[in-house]
Amino acid sequence: MGNADCDVYTSASVESGAHHGVAVPPPQPFFKSLKYSLKETFFPDDPLRQFKNQPPSRKLVLGMQYVFPFLEWAPRYSFQFFKADLIAGITIASLAIPQGISYAKLANLPPILGLYSSFVPPLIYAMMGSSRDLAVGTVAVASLLTASMLGKEVNPSENPKLYLHLAFTATFFAGVLQASLGLLRLGFIVDFLSHATIVGFMAGAATVVCLQQLKGILGLERFTSSTDLVSVLRSVFTQTHEWRWESGVLGCCFLFFLLVTKYFSKKRPKFFWISAMAPLTSVILGSILVYLTHAEKHGVQVIGQLKKGLNPPSAGDLVFVSPYVMTAIKTGMITSIIALAEGIAVGRSFAMFKNYHIDGNKEMIAIGMMNIAGSCTSCYLTTGPFSRSAVNFNAGCKTAVSNIVMAMAVMITLLFLTPLFHYTPLVVLSSIIIAAMLGLVDYEAAIHLWKVDKFDFIVCMGAYVGVVFGSVEIGLVIAVVISLLRVLLFVARPRTFVLGNIPNSMIYRNVDQYPDANSIPGIIILEIDAPIYFANASYLRERISRWIDEEEDKLKSSGETSLQYIILDMGAVGNIDTSGISMLEEVKKTTDRRGLKLVLANPGAEVMKKLSKSNFIENIGQEWIHLTVGEAVAACNFRLHSHKHNPAKDESEPWNNV
């Protein structure tokens with residue numbers, strides 16, 4: 001059916017009255033509307049659905065299971081599950097112990113804190129977390145942020161006690177913020193860290209962390225506290241006379257060993273345990289080598305004495321006095337958001353593989369509570385690192401019991417095995433960190449962003465460059481600002497399209513996407529692809545006017561039928577505010593002055609409700625609002641063929657009652 005056939009069909013349809021009214025939704029009480037809006041904002045997953053129509057005793061059980069998810073799976077726990085979790089827990093413990101010590105050094109904290117942080121927080125998470133695969137522990141990026149932000153206020157070498165207490169306080173505030181976001185159902189705030197932002201930020205942080213490890217690899221005793229590329233390279237190359245070749249050779253050998261094992265495990269996934277055991281193997285081999293050769297007397301730095309025993313209480317060490325409390329709050333806020341973004345993203349990724357669902361807000365509460373508990377038991381910030389969780393997943397874990405097994409292994413280490421780490425060379429810890437960080441530089445994701453969305457690539461590179469050449473905080477701010485700018489651009493500059501008729505159909509689509517779509521003589525159809533708010537109302541008014549000018553110029557140059565009708569497809573306009581309504585009123589006045597007629601098609605319920613309350617429907621006329629673009633075109637075509645005079649002066653009978 002061509003356009004001519006379409007005209008005949010639509011005209012016949014109009015004559016026969018085959019039109020459908022656009023309904024104005026019935027008015028709703030204010031508090032009912034407010035309740036609905038709040039529910040959609042804060043409870044999109046309807047967490048209380050499971051409590052409906054349940055007896056009080058069942059509601060109590062469900063409530064306990066909601067707060068402590070382990071109560072749900074514990075009654076079904078079997079010996080087969082325990083065997084799988086035992087193997088997974090021991091495997092991740094072999095990775096957690098050397099990584100914990102390494103990351104604590106990265107945060108300029110005593111190495112023993114890395115072990116403390118792998119004991120208490122995993123136990124809390126096992127009770128409150130909903131992910132079966134997340135393995136809890138310290139992470140490099142949060143450790144670097146802690147060192148960078150706290151180090152600006154307190155020198156960890158000159159005042160180690162205050163620095164340690166500030167680290168506990170920052171962890172406490174991080175936990176409070178994380179738990180609060182979960183309790184208040186504000187988890188969507190974390191979504192402002194887009195995928196592109198996280199890719200760039202993580203890659204930048206990994207680069208900075210690797211550069212920081214040159215201190216350990218080269219055996220330098222003095223090193224810059226700055227994290228930017230220029231400062232680090234200046235610090236390295238102005239101390240060439242202090243480089244220790246013994247330390248460098250040892251570090252390169254262990255780094256090569258770690259990378260080879262990682263590559264082998266990646267190629268043969270069933271041998272995942274080889275790369276998981278490699279860090280602990282490196283620590284053992286390095287300690288034996290130093291002990292036998294007395295390398296500590298030849299420039300190879302070692303960990304030294306590690307305190308035996310379980311976590312001492314630290315609730316009394318929290319600092320709530322000026323001027324340091326603001327530093328702790330700032331550090332806690334930034335590190336908490338980064339930790340949440342990583343932990344929830346990792347948990348969701350593995351949940352998708354195993355086809356189960358995790359509640360982001362419950363995860364925030366669990367991560368927040370484990371950090372609050374950790375701050376009171378000599379731990380610093382923890383979350384669910386990808387490397388450890390990947391090992392846990394590949395090891396075949398079934399439940400969060402693998403975290404408990406890991407915590408028990410760390411407990412045994414704290415009680416009996418800490419003296420064995422005395423001769424562990426710091427260069428091995430640096431090698432472990434570098435090997436772990438190289439996996440965070442996801443260049444394939446950056447290439448994918450470039451291919452798919454150039455703006456996302458700019459966001460990614462903005463974060464990367466900001467972290468590497470500025471600081472971790474600067475990189476994060478740049479990435480978030482660029483992301484927010486993009487959101488504002490989407491809102492303030494929405495897309496508008498000219499629609500055309502797909503041949504042999506009643507379908508109207510974007511003429512740029514479908515070049516064979518035909519324009520309708522005397523009619524221009526514009527689609528607005530966003531809600532109309534104060535931020536974009538002015539732009540849309542100007543853009544609609546420009547579309548009309550361009551269409552009229554094109555028709556004049558081609559000698560075709562003059563423009564008579566402007567149809568606005570409102571199907572994608574989910575909402576409109578008073579500024580948007582004022583914009584439509586101005587557009588109508590402009591079109592009336594130019595002898596054109598404004599027609600609306602497919603306005604939604606919220607839009608119709610506000611247009612009705614503002615009397616715009618009476619202003620434009622109910623007969624000029626149609627249910628579909630097809631019906632609007634049919635009505636306009638009928639008028640064009642039956643009334644040859646100016647439609648702006650046409651007092652037509654109503655075709656489409658609202």
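**Exercise 1. With which residue does E551 form a salt bridge, and how far apart are the closest N and O atoms?**

Solution. This is a predicted model: local features need pLDDT of at least 70, side-chain atom pairs count only at pLDDT 80 or more, and totals for chains, interfaces and linings use all residues. Residues are numbered from 1 along each chain as its sequence is written, and side-chain values use heavy atoms, with hydrogens and water left out.

Step 1. Apply the criterion: a salt bridge is a side-chain nitrogen of Lys or Arg within 4 Å of a carboxyl oxygen of Asp or Glu.

Step 2. Find the partner. E551 pairs with K554, and their closest N and O atoms are 3.6 Å apart.

Step 3. Helices (H or I, at least four residues) and strands (E, at least two) are DSSP runs, numbered from the N terminus.

Step 4. Recall the geometry. An α-helix has 3.6 residues a turn, so residues three or four places apart point the same way.

Step 5. Check the exposure. Buried means under 20% relative accessible area, exposed over 50%, and partly exposed in between (1.4 Å probe, protein chains only). E551 is buried at 11%. K554 is partly exposed at 46%.

**Exercise 2. Examine the salt bridge between E552 and R594.**

Solution. Step 1. Take the distance. The closest N and O atoms of E552 and R594 are 2.7 Å apart.

Step 1. Locate the ends. E552 belongs to helix α23, while R594 is in the loop between α24 (578-593) and β5, so the pair ties together parts that are 42 residues apart in sequence.

Step 2. Classify each end. E552 is buried, with 17% relative accessibility. R594 is partly exposed at 31%.

**Exercise 3. Trace the salt-bridge network that includes R486.**

Solution. Step 1. Start with the total. The structure holds eleven salt bridges.

Step 1. Take one pair. The side chains of R486 and D456 meet at 2.7 Å, N to O. The pair links distant parts of the chain: R486 lies in helix α22 (residues 472-492) and D456 in helix α21 (residues 454-469), 30 residues apart.

Step 2. D453, D456 and R486 are linked in a network of salt bridges.

Step 3. Check R486. Its relative accessible area is 16%, so R486 is buried.

**Exercise 4. Which residues have the most contacts inside the largest nonpolar core?**

Solution. Step 1. Set the rule. A nonpolar core is a set of buried Ala, Val, Leu, Ile, Met, Phe, Trp, Tyr and Cys residues joined through side-chain atoms within 4.5 Å.

Step 1. Read off the core. It has 100 residues, and I101, L109, L113, F201 and M437 have the most contacts inside it. Helix α19 (residues 426-438) gives the most to this core, with ten residues.

Step 2. Find the other core. Apart from this one lies another of 48 residues, among them A537, L555, I567 and I581.

Step 3. Zoom in on L113. Contact means heavy atoms within 4.5 Å. Leaving aside neighbours within four places in sequence, L113 is in contact with L164, F168, S378 and Y380.

**Exercise 5. Describe helix α17 and what covers it.**

Solution. Step 1. List the buried residues. In α17 (residues 386-394) they are R388, S389, A390, V391 and N392.

Step 1. Name the cover. It includes α5 (79-106), α14 (272-293), α15 (324-354) and α18.

Step 2. Look past the end. G396 follows α17, and its phi is positive, near 90°.

**Exercise 6. What is the strand order of the open sheet?**

Solution. Step 1. Give the order. The six strands run β2-β1-β3-β4-β5-β6, with mixed pairing. Two strands pair if DSSP finds at least two bridges between them.

Step 1. β2 (508-510) and β6 (625-626) are the edge strands, and each pairs on one side only.

Step 2. Inspect one pairing. β4 (residues 565-569) and β5 (residues 597-601) are parallel over five bridges. The bridge partner of I566 in β5 is L598.

**Exercise 7. Summarise the whole protein.**

Solution. Step 1. Count the elements. The protein has 27 helices and six strands.

Step 1. Take the box. Along the principal axes, the C-alpha atoms fill roughly 105 × 65 × 55 Å.

Step 2. Take the burial. Of the 658 residues, 52% are buried.
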